[in-house]
Amino acid sequence: MSNGVTLVTGATGQQGGAVARALLQAGQTVRALTRDFARAESLVDAGARVIVGDMTDPDAMKRAFQGVEFAFLMGTPYTNGPKAEWQQLTTCIDAAQSADVQHVVYSSVQRAADLANVPHYAQKHRAEEYLQASGLAWTVLRPVFFMDNFGAEALAGNLLAGRLHAPMPPHVATQLVAVDDIGRAAARVLAAPEAWAGKTLDLAGDALTWEEIAAAVGTAIGRTVDFYPLPPEWVAESMGADYAAYYDWLWKEGFAASIDGMKETLGFQPMDFATYLSEARWTLDLRIELEVHSPRSFT
């Protein structure tokens, strides 16, 4: 890979941040796209060139992609919904096409075509097709459920109190991947993009039941964590039909990546959940919190 400019979208988020860090560690020139410059301080310190822009703004994205050779593309429905994510993805693909970008790595979701009835995933498969029809050289990454989701600030209080809640049966396994491994995969592809052109790569590092997930988190933070399944009707009432459809799918069908596929295809061993937890900053933070305060103070 030449040391041309690689544009990384979502660079201050989980996936984009992991990709930007992996590329910078490999000595590549990174143009980090974000909507909030203040959140990009660590990327600036690491050597990234930060550009502020809205992925739904065609003019802003034309400027962002100008002079770019490679791009890592991802979208999110969590800020403004699935329609906004579709706008993000198509606007960036159009801008990449206009700028003659040499290769686009797009992060979708594993079994994307089977999630067409789940609104916050449906547009990801549509975007795969849009990218493939664009004439651009492409590679699609398809990650499963993020290990990093368990580090969400909203979960911290319950984990400190020894509880993990989810609308899943306790004995159903869910496939997991660390976002740092998504970053490593993207960097590996962009190191030799011509070798990966036109390929889709499933990304998974482990598969655990939700009881096993709770137990592993408990071991990492230094207290027993029990799993408490939430009823499906609670999801529909509290989180909406979109998430109800997603968790219903995750329970009854779920991800189906090859756990050994990343090592065999990409040439590196992805993290299992225990390894991820041993290296995650949030588990250390919770362990320190528990050492300072008795676990009983959180119950």
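Which exposed residues does the face of α11 turned away from its buried side carry? I found A241 and K252 there; exposed means over 50% relative accessible area, buried under 20%, and partly exposed in between (1.4 Å probe, protein chains only).

Basis of the entries. I worked from a predicted model, in which local features need pLDDT of at least 70, side-chain atom pairs count only at pLDDT 80 or more, and totals for chains, interfaces and linings use all residues. Residues are numbered from 1 along each chain as its sequence is written, and side-chain values use heavy atoms, with hydrogens and water left out.

Helices are DSSP runs of H or I with at least four residues, strands are runs of E with at least two, and both are numbered from the N terminus.

Entry on the buried side. I listed D242, Y246, Y247, W249 and L250 as the buried residues of α11. They lie on the same side of α11 because they cover an arc of only 155° around the axis, taken from the directions from the helix axis to the C-beta atoms. Their cover includes α5 (119-132) and β9 (173-177).

Entry on α5. I recorded that P119, H120 and Y121 in α5 meet D242, Y243 and Y246 in α11, contact being heavy atoms within 4.5 Å.

Entry on the end. Just after α11, I found G254 with a positive phi of about 80°.
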